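Good morning, and thank you for coming.

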Amino acid sequence: MGESEEKKSTKRDKMRWRWMIGASITIVLAIALASRAKPEISPNFGDTNKSCQCSQGKHRHKGTVEDCCCDYETVDHLNGEVLHPILQQLVKTPFCRYYKVKLWCDCPFWPEDNMCRLRDCSVCECPESEFPDSFKPFQRTLSSDDLKCREGKPQAAVDRTLDSKAFRGWTETDNPWTYDDETDNSEMTYVNLQLNPERYTGYNGTSARRIWDAVYSENCPKYPAEELCQEEKILYKLISGLHSSISVHIASDYLIDEATNLWGHNLEIMYYRVLQYPNRVENLYFTFLFVLRAVTKTADYLEQAEYDTGNPTEDIKTQSLMKQLLYDPKLQAACPLPFDEAKLWKGRRGPELKQKIQAQFKNISAVMDCVGCEKCRLWGKLQVSGLGTALKILFSVNNEENLVQILQLQRNEVIALMNLLNRLSESVKFVHEMGAAAEKLVQGRMHYSSRLKSLVQRILASIVKT
């Protein structure tokens, strides 16, 4: 009898160990699968969840965009049917695809440390032969045969569409809203934006987080949102909207598998960094309409500008696309005034407040020199410059009658402005078309994770009872 009881006890112990091993395996698998429901992936400029929370919206993006003169449904319709198709063509023209930028920058706030792990962080500069003769003394150039520049890919070779004819009719003036000295050509280089797309680069960690932390900590007001004046709210919303747009760009063009160089959409990134925070989507739409208003306000100026690159066919196309964008009848009928800047800077504090906010935005543009990833720095500087150009247009003169006579834009500012509007347009379109799919995907994984956790709990309970 004693031996029989001992065998039964041994058998029970073996069964218990089998249960425990099986449960452990199940728990490990459940944790691994559940963790996929909310991956820890960093966007281009750092964790968007680190931004200061001045306000949290609650509505689900219906009705009029706050502080604007157009509703969400109209924005989505006009963007899909009119703006996005035109902008996609415009930014590919010779005039709009070459951007002059200072990439060799010393960070004015802290020692710069590069935290980029992908070759896509690097920027391929344009060879000297691609630009007009008058530009050549100012170039830091690379050979078109440089494989490091081309990343070993024939399709990355620079498109040589420009000949020896110089750009004409554009001024060389500094923008009081931005930090860079736009007239310092000795420090500038030309970059083909079509060969250096903005997308995920692996730039993350402390270096990346510090960028947005600096932007928000220095410029987001440190008092309750209800005490903010309208102008201060708008500065925050512009930065938040740009931030959201950049996060969407990274999610839409993400490195899914580095081993096979597979790129695609990462809808989880978009949900966890943007969609689950309603105010971030609202601010994206606001920034889009704000920049659109700047473009439409300066329609007469841009219509009269010279888009001369030495390629008559492309130059005519550029001017035609610009006119289509500026005077589209559907846009003028549905959303003639995207944003009303005339309401701002009123009262005795107006001039002082404008000077204060101008200094804040200039400081934001200086932070872009601290971005440790070269390609991220390129697109950060371009988009902040585009936003600074929009601020310059809307707040440099008080009425449209004197705009053409008073406003002076340089070619680089127009290029930045149009590329920024295009990037915002792409973000709005991606959110509109893929937002529901992103939410469904995340909710489905959350539900699956919940079921796995429930299974683990049942297994653990059965072990305890055994």
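Which residues does Ile-239 touch, not counting residues up to four places away in sequence? The residues are Trp-212, Val-215, Tyr-216, Phe-361 and Ile-364. Please keep in mind throughout that this is a predicted model.

Let me place this residue. Ile-239 is found in helix H6. Is Ile-239 buried or exposed? Its relative accessible area is 6%, and the cut-off for a buried residue is under 20%, so Ile-239 is buried.

The chain contains 15 helices and 4 strands. Of its 466 residues, 53% are buried. If we take the contacts with a separation of 6 or more, 85% of them are between residues 24 or more positions apart.

Let us return to helix H6, which spans residues 230-252, and consider helix H12, residues 350-367. The axes of these helices come within 10 Å and cross at roughly 15°. Angles under 35 degrees count as roughly parallel, and therefore H6 and H12 are roughly parallel to each other. The crossing in which H6 passes H12 is right-handed. On the H6 side, the contact is made by Glu-231, Glu-232, Leu-235 and Ile-239, the residue with which we began. On the H12 side, it is made by Leu-353, Lys-356, Ile-357, Gln-360, Phe-361 and Ile-364. By class, this contact of H6 with H12 has 6 nonpolar, 1 polar and 3 charged residues.

Helix H12 has a further neighbour to discuss. H12 packs with helix H13, residues 374-396, at an angle of about 165°, and their axes are 10 Å apart. Angles over 145 degrees count as roughly antiparallel, so H12 is roughly antiparallel to H13. Here the crossing, as H12 passes H13, is left-handed. In H12, the residues Lys-354, Phe-361 and Ser-365 meet Val-384, Leu-387, Gly-388, Leu-391 and Phe-395 in H13. These residues divide into 5 nonpolar, 2 polar and 1 charged. I would draw your attention to Phe-361, which takes part in the contact with H6 and also in the contact with H13.

I turn now to the loops. Where does Thr-309 lie? Thr-309 is in the loop between helix H9 (299-304) and helix H10 (312-326). Its relative accessibility is 1%, so Thr-309 counts as buried. The side chain of Thr-309 makes a polar contact, at 2.6 Å, with the side chain of Asp-315.

Two further loop residues deserve a look for their backbone angles. Asp-67 is not a glycine, and its phi is positive, near 70°. Asp-67 lies in the loop between helix H1 (2-35) and helix H2 (72-90). With a relative accessible area of 29%, Asp-67 is partly exposed. Asn-261, also not a glycine, has a positive phi of about 55°. Asn-261 belongs to the loop between strand S3 (254-257) and strand S4 (262-264). At 38% relative accessibility, Asn-261 counts as partly exposed.

Thank you for your attention.

Notes: Residues numbered from 1 in each chain as written. Predicted model: local features only at pLDDT ≥ 70, side-chain atom pairs only at ≥ 80, totals over all residues. Heavy atoms only, no water. Axes fitted to C-alpha atoms, helices over the stretch in contact; angles between N-to-C directions. Helix = DSSP H or I, 4+ residues; strand = E, 2+ residues; numbered from the N terminus. Parallel < 35°, antiparallel > 145°, perpendicular 65-115°, else oblique. Left-handed = near helix turned anticlockwise from the far one by under 90°. Contact = heavy atoms within 4.5 Å. Nonpolar A, V, L, I, M, F, W, Y, C, P; charged D, E, K, R; others polar. Buried < 20%, exposed > 50% of the residue type's maximum accessible area, 1.4 Å probe, protein only. Polar contact = N/O pair within 3.5 Å; in protein donor to acceptor, adjacent residues only side chain to side chain.
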